[in-house]
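Dear colleague,

Please find below the structure that I am handing over to you, with its sequence. My notes on it follow.

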Amino acid sequence: MDEPRGLLRILDDFWNPVLVKEVRQALRGRLFHICFSITLVGVTLVSAGMVVAMGNEVSHSEGRDFFLGLFTCLAIAVIGFVPFTAFNAMGSEWDENTFDLLVISNLRPGRIVLGKVLGALTQAMLFYSAFTPFLVLSFLLRGIDLFAVIVALGVSFVCSTGLTVLAIMLSTLSKARFARVVLLAVLAAVLVGVTSGSIVFTEQLLRFPGDLRDPEAVQAMLVFVVGVAMAASFCYCVACNMLSHAEENRSTGVRVLLTASLLVALGFMTSMMMQFRVDRSALSAMIIALLLGSLLPSMYLVTEPERLGRRVAPRVPRNRLLALLATPWLPGGGRGMLLFLLHTGGILAFCFLAHASLKGSSERMLTSGVPAVLALAVYAIVYLGLPSAIQAPFTDRPKARVIARVSIPGLLLVFLLVPALLGFFVGNYNLVNMRHVGNPEFLMERTWNSIHAHPGIWRLLAGLATLTIALNLYRMGRGIREVSQASARRAELARDSRTPESGQTEPEAADAVAES
Amino acid sequence: MSPALEVRSITKRFGDLTAVDNVTFGLEAGEIYGFIGPNGAGKTTTMRICATLQLPDEGDVFVEGHSVLEEPRLVRQRLGFMPDSFGAYAATTVSEYLDFFARAYGLRGQDRRRAIRDVMGFTSLEPLSGKLTSALSKGMKQRLCLAKTMLHDPSTLILDEPASGLDPRARIELRELVKALADMGKAILISSHILSELSEICDGVAVIEAGRIRATGSVEEITKGLQPHSEIFLRTLEPIEIAERRLVELPRVGAVRHDRDGLVFHFEGSDEDQAELLAQLVATGVRPIEFALKEADLEDLFLRLTEGKVQ
């Protein structure tokens, strides 16, 4: 093995070990060689074909067509092939019995996942660099806008990064071979869809490059990048959680990220309200989308095992107040419910404040989708809170946890379909067409402009929500108590073990050693 | 000072199955401790708990005083674990493999290069440094795995079936490496099916079956605990039946059984009593050509202590 020299030698120590290994393996691997060669041969043939077809006359569309041909090859490589190799790279840790070796080498899950992502992106960069001469040639042929080229390449890179993290996350979900085949099929479908989409998008981009200068287009791109970044961050967190030990903290990352994402989204909406004239209904629709977006991670959080893991309890803050403030972001189903209620409450508060700040009479506050937001929030509390509260005592067992997670959408399906079936037998077509209380969309649509519609349903929902919160009060209280006790225990241990000489406690000393 | 490795009343259940049931033992620096038991006895689970890869449902394990439950990172810095199945990366050479793990253990610059050089020297892997790991023989793979385990210079080593699948020469070489590691002051917990090997190198053993420890201590201590009497092998010029008839009439002689072309009998008494017995035997007209104290080996102990229970 050749040793690096000079600056490289200094940098050599700071590379992520997994990145170094992945790049070494990939560059020596057959798969990369074959794909790289095929792509290069493909792009050379496209170039040669274009040059021959052009002859001596160069029209304005030649450069555009040439770039599109190149981009198609590039998209297949960086959006299709690179995430696929990332999926395989993660899966090979189990296939080759090396995952345990990684864990005991003290590499944290975050570094493992990051190394895999960076390894795949290094391959993507190799593809980009190999394509550069051809891209320059296409630009020299004219007929394409430089900004459009930069945007197209940028979008392909963002897609490649996002899909690579998604692929790694999917790869961590199961070690069973059959499940991995299913996950690979799902990934392949996504990769084909996104690759095709990016080619169509680029084609449109090259055809109408002027549209890119619109402020709305810039904002849309920003939303796209932030959206992919958030989705990738969630995938990263989930992948790290899946690689962590069951007794370690597998939840705080997701919780913090969820809160941060909600804050970013609310901030984005506020900035939109300040810059543009936002319609009340559009605002409500965005808030509904936000609430719906928070449901999936919340479904995972409210069905976690109730107790703090054995490796989490010793890490709870010793300061009681800090521990209390951190409670909703610590693992546990009850604490997950607490966080969900905090998020929902925050979103509702934003909804009311935002509508209040818009011009118009105060009576319009409870129209234009605000009742629908309220209805969705109440439904979310019931559908998430009811099954998770009932199954909370059993979620220590992995199978029970899966059942609890499945039962949340299951309850929605039951509430949707059972009245519809009953309606079919008794001949009530309102029920058959899902116009009943079990269907959130029905009430949201009916109450969009008036909270006074269907008072009976509102009363029923209010009763169910109260019952759900009452059922969850015990687990939430227990969750808070457990954190408080763990904090007190840590503080007590710290007091007992404080050495008079250094004033440093044993856990502090241990932390210091671990840090070093 | 805390023991190198202390397993304190650990229990691990998988559903209704109790894989490890209240297991306790410990070992000191420089000690080689054999961990023996039939397949499915709970050896690997116990070792994985010690290596922080699994958590006990009850009890705890301490490595130099650090708990696997509460301080797994500190434990991993002090412990090297060699699993029973070798994990090799495709398209990776021996030196790249070691370089990766050295980086993963946080070794930098000269320290990393020195550590790789040292472990390659110790395991005699230098000539193979550029060879792909997939092209190595089983014995060389085990050496590489041992080299990887030693990279961060752990004080305690846990070796799960390191000799499994090795040819006799590779086994002997591995045994010598283990001895050398113990001489360097490392505490070694080693499991193996090849009991004759363990009996030669182990300072102590723990016999486990169906998740429970059947016996712990040195081979001699366990032997004494199991059989208060000695076993003596006798071969004579006379037919075996005649010798047996004369022997059973002598004092302190217990149960007699046939073994190959001789007799094995229980005897309770000191060395003088044994000399006296031999003299009395000769006086009865029996002409012994072999009279030897039969020492119990690890295989005998294993068979006596375990019942062949499978979980």
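**Nonpolar surface patch, chain A**

A:Val136, A:Phe139, A:Leu140, A:Leu146 and A:Ile150 together make up a nonpolar patch on the surface, with an accessible area of about 480 Å². Two elements of chain A each give two or more residues to the patch: helix H6 (109–140) and helix H7 (146–173). H6(A) contributes the most, with three residues. Please bear in mind throughout that this is a predicted model.

A:Leu140 lies in helix H6 of chain A. A:Leu140 counts as exposed because its relative accessibility is 61%, and the cut-off for that class is over 50%.

**A buried histidine, chain A**

A:His343 belongs to helix H13 (residues 333–357) of chain A. With a relative accessibility of 9%, A:His343 counts as buried, since that term applies under 20%. Apart from neighbours within four places in sequence, A:His343 is in contact with A:Leu258, A:Thr259 and A:Leu262.

**The sheet of chain B**

In chain B, six strands form an open sheet of mixed pairing, in the order E6-E7-E8-E3-E9-E10. Strand E6 (79–82) and strand E10 (212–217) of chain B are the edge strands, each pairing on one side only. From one strand to the next, the twist averages 15°.

Helix H6 (residues 168–183) of chain B lies across E3, E7 and E8 of chain B and runs at about 155° to E8(B).

**Strand E9 of chain B**

How are the two neighbours of this strand paired with it? Strand E3 (residues 32–36) and strand E9 (residues 204–209) of chain B pair in the parallel sense over four bridges, and B:Tyr33 has B:Gly204 in E9(B) as its bridge partner. E9(B) and E10(B), by contrast, run antiparallel and are joined by five bridges; B:Ala206 stands opposite B:Thr216 in E10(B). The hairpin of E9(B) and E10(B) has two residues between the strands, and B:Ala210 in this hairpin takes a positive phi near 50°.

E9(B) is mostly covered, with six of its six residues buried. In a regular strand the side chains alternate between the two faces of the sheet. Both faces of E9(B) are covered: B:Gly204, B:Ala206 and B:Ile208 are buried on one side, and B:Val205, B:Val207 and B:Glu209 on the other.

With kind regards

Definitions and conventions
Residues are numbered from 1 along each chain as its sequence is written. Chains are lettered from A and ligands numbered from 1 in the order in which they are written. This is a predicted model: local features need pLDDT of at least 70, side-chain atom pairs count only at pLDDT 80 or more; totals for chains, interfaces and linings use all residues. Side-chain values use heavy atoms; hydrogens and water are left out. Patches are made of residues with over 30% relative accessible area and no salt bridge: like charges are joined within 9 Å, nonpolar side chains (Val, Leu, Ile, Met, Phe, Trp, Tyr) within 5 Å. Accessible areas come from the Shrake-Rupley method with a 1.4 Å probe; for residues, only the protein chains shown count as cover. A salt bridge is a side-chain nitrogen of Lys or Arg within 4 Å of a carboxyl oxygen of Asp or Glu. Buried means under 20% relative accessible area, exposed over 50%, partly exposed in between (1.4 Å probe, protein chains only). Two strands pair if DSSP finds at least two bridges between them. Axes are lines fitted to C-alpha atoms, for helices over the stretch in contact, and angles run from 0 to 180 degrees between N-to-C directions. Contact means heavy atoms within 4.5 Å.
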